[in-house]
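Open the model in a viewer and keep the selection panel at hand. The stops below say what to select and what is there.

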Amino acid sequence: AGVWAEALTLLSAVVRSRAEFNTISFNAAISACERASEWGKALQLLVSMAQSTIESDIITFNAALSACAKGSELTSTMQLLSFMFQSEIKTDAITFNAAIYACRKRGEWHQALQLVTMMAHRNVAPNTITLNAAISSCEKGSQWERALQVFGTMAQSMVESNTVTLSAAISSCEKAGEWE
């Protein structure tokens, strides 16, 4: 078993000993599940938090979103994101990056671009990671023109590009035969 299993064992020991456990202990366990791509366990912990009336925070949800995204669980990712919106839980670039990453993994370029647009409506600024994931989503969906549009918005938005950005943009054109 990995670190996530050890984190869950420690959390269980805390519960059994009736020691005080809090948001931070659950966040650590959910983060361990996220790093191990144990999205199901991460969601179980999130439910346990709610049942224990322990308050969750943006770190809790971002870790759970990231776990779902790493597990290619687009439906769970989007349901969790929707819950955050409905519950008026604060979102940030990390929140959207996880959701866009899930879209990228599943080739859902259109949904990834919708999330980038939604960020502006929620006053969340995209960053390099956000737009790299969006470009990669377009690349995976054979949408080279859209990938270049996102690339073009980076300079307008004052978001720095990097090697990943350029590679994804070039690759999207190469796959479409539009590299000249």
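## A tour by selection

Start at Ser72, which is partly exposed, with a relative accessible area of 22%; buried means under 20% relative accessible area, exposed over 50%, and partly exposed in between, with a 1.4 Å probe and protein chains only. Ser72 sits in the loop between H4 and helix H5 (74-86). Although Ser72 is not a glycine, its phi is positive, at about 60°. Most residues other than glycine have a negative phi.

Before moving on, note that this is a predicted model, in which local features need pLDDT of at least 70 and side-chain atom pairs count only at pLDDT 80 or more, while totals for chains, interfaces and linings use all residues. Residues are numbered from 1 along each chain as its sequence is written, and side-chain values use heavy atoms, with hydrogens and water left out.

Now select Ser37, in the loop between H2 and H3. Ser37 is not a glycine either, and its phi is positive, near 60°. Its relative accessible area is 35%, so Ser37 is partly exposed.

**Whole chain.** Zoom out and colour by secondary structure. The protein has ten helices and zero strands; helices (H or I, at least four residues) and strands (E, at least two) are DSSP runs, numbered from the N terminus. Of the 180 residues, 43% count as buried. Among contacts (heavy atoms within 4.5 Å) with a separation of 6 or more, 61% are between residues 24 or more positions apart.

**H2 and H3.** Select residues 23-35 and 39-51. Helices H2 and H3 pack at an angle of about 165°, with their axes 8 Å apart. Axes are lines fitted to C-alpha atoms, for helices over the stretch in contact, and angles run from 0 to 180 degrees between N-to-C directions. H2 and H3 are therefore roughly antiparallel; angles under 35 degrees count as roughly parallel, over 145 as roughly antiparallel, 65 to 115 as roughly perpendicular and the rest as oblique. The crossing of H2 past H3 is left-handed, that is, the near helix is turned anticlockwise from the far one by less than a right angle. Show side chains for the contact: H2 supplies Thr23, Phe26, Ala29, Ile30 and Cys33, and H3 supplies Lys41, Ala42, Leu45, Leu46, Ser48 and Met49.

**Glu34 and Lys70.** Which residue forms a salt bridge with Lys70? It is Glu34, and the closest N and O atoms are 3.0 Å apart. A salt bridge is a side-chain nitrogen of Lys or Arg within 4 Å of a carboxyl oxygen of Asp or Glu. A search of the whole structure finds one salt bridge. Glu34 lies in helix H2 and Lys70 in helix H4 (residues 58-70), so the pair ties together parts 36 residues apart in sequence. Glu34 is buried, at 14% relative accessible area, whereas Lys70 is partly exposed, at 33%.

**H6 and H8.** Select helix H6 (residues 93-106) with H8; their axes come within 8 Å and cross at roughly 15°. H6 and H8 are therefore roughly parallel to each other, and their crossing is left-handed. Residues in the contact include Asn97, Ile100 and Tyr101 of H6 and Ile129, Thr130 and Ala133 of H8.

**Thr128.** End in helix H8 (residues 128-140), where Thr128 lies. Thr128 is buried, with a relative accessible area of 18%. Not counting residues up to four places away in sequence, Thr128 touches Met154, Val159, Glu160, Asn162 and Thr165.
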